[in-house]
Amino acid sequence: MKKMRAVIAAVLACATMFSFTACANFKVIDDEEVFYDALDSALSIDEDETYHVKNAKVNGDKAEYVIYAKDGDNFYAYIRFKKEDDAMDYFDEFYDDFDTIKKDKDFSGSSSMSASKTKGVILFNGDLEGGTELGFFRHNKNVTSDVELYGGVYVNKNVYIEVCSVNGSKRDKEKAAAFLKELGFPKP
């Protein structure tokens, strides 16, 4: 019986370790053209259909490039900060908010979170309770009614990316998943 427990514990430990390493395995998208190409390939969104700006301020920090695209109930954001610390600070704010929401049981569903010094990922697929504060780029922090969220928030070096479907249909979630696959990013 002890051997069986040890085997089960080892299998569970390996599975957990694999899930954490799988979440952390995504490349830095330091060229905005890669993001544009993924929008076009996966979603048929052209560059001229996006909000994009060079040398902007995001949360008071310098960003070299910002892209934002909306497609129905989905949105896609790319922010290449000038400094890695600024990207990580922006991610950490979302990470802390989402962690608090999970602890307060204001989110129900599946999620995973991991972060290191220069890389992080938050994946979510579930329901967020109304009255909760959660800040996405270009979206109100206060969620006034219950919403269904599907997607992820990613940071790698100086690049921060959001992909999210809010109250999206099955097709909207498939589009978000196709976009993440195009980038080579983990899906919820």
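The legends below describe close-up views of a predicted model.

Residues are numbered from 1 along each chain as its sequence is written. Local features require pLDDT of at least 70 and side-chain atom pairs pLDDT 80 or more, while totals for chains, interfaces and linings use all residues; side-chain values use heavy atoms, with hydrogens and water left out.

**View 1. Overall layout of the protein.** The protein has four helices and nine strands, where helices (H or I, at least four residues) and strands (E, at least two) are DSSP runs numbered from the N terminus. The elements follow the order α-α-β-β-β-α-β-β-β-β-β-β-α from the N terminus. Of the 188 residues, 43% are buried (under 20% relative accessible area, with exposed over 50% and partly exposed in between; 1.4 Å probe, protein chains only). The exposed surface comes to about 10,100 Å², of which carbon and sulfur atoms supply 49% (Shrake-Rupley method, 1.4 Å probe; for residues, only the protein chains shown count as cover).

View 2. Seven strands are arranged in the order E1-E2-E3-E9-E8-E5-E4 with antiparallel pairing; two strands pair if DSSP finds at least two bridges between them. E1 and E4 are at the edges with a single partner strand each, so one side of each has no neighbour in the sheet. From one strand to the next the twist averages 10°. H3 packs on the sheet and touches E1, E2, E3, E4, E5, E8 and E9, a contact being heavy atoms within 4.5 Å. The direction of H3 makes about 145° with that of E4 (axes are lines fitted to C-alpha atoms, for helices over the stretch in contact; angles run from 0 to 180 degrees between N-to-C directions).

**View 3. Strand E8 and its two partners.** Nine of the ten residues of E8 are buried. E8 pairs with E5 in the antiparallel sense over ten bridges, and with E9, also antiparallel, over eight bridges. On the E9 side, Gly-151 faces Cys-164. The hairpin of E8 and E9 has two residues between the strands, and Lys-157 in the turn has a positive phi of about 55°.

**View 4. The largest nonpolar core around Phe-94.** This core has 31 residues, and Ile-79, Phe-94, Phe-124 and Phe-136 have the most contacts inside it. A nonpolar core is a set of buried Ala, Val, Leu, Ile, Met, Phe, Trp, Tyr and Cys residues joined through side-chain atoms within 4.5 Å. Among the elements that give two or more residues to it are strand E3 (74–81), helix H3 (84–103) and strand E5 (119–128). H3 gives the most, with seven residues. Leaving out residues up to four places away in sequence, Phe-94 touches Ile-122, Phe-124, Leu-134, Gly-135, Phe-136, Val-153 and Tyr-160. A second, separate core of 26 residues includes Ile-67, Tyr-76, Val-163 and Leu-183.

View 5. Thr-50 lies in the loop between helix H2 (32–43) and E1, and counts as buried at 9% relative accessibility. A polar atom of the Thr-50 side chain is 2.7 Å from the backbone oxygen of Glu-47. The side chains of Thr-50 and His-52 make a polar contact of 3.0 Å (a pair of N or O atoms within 3.5 Å; within protein, one must be able to donate a hydrogen and the other to accept it, and residues adjacent in sequence count only if both atoms are side-chain atoms). Beyond four places in sequence, Thr-50 is in contact with Tyr-36, Leu-39, Ile-45, Ile-67, Tyr-68 and Ala-69.
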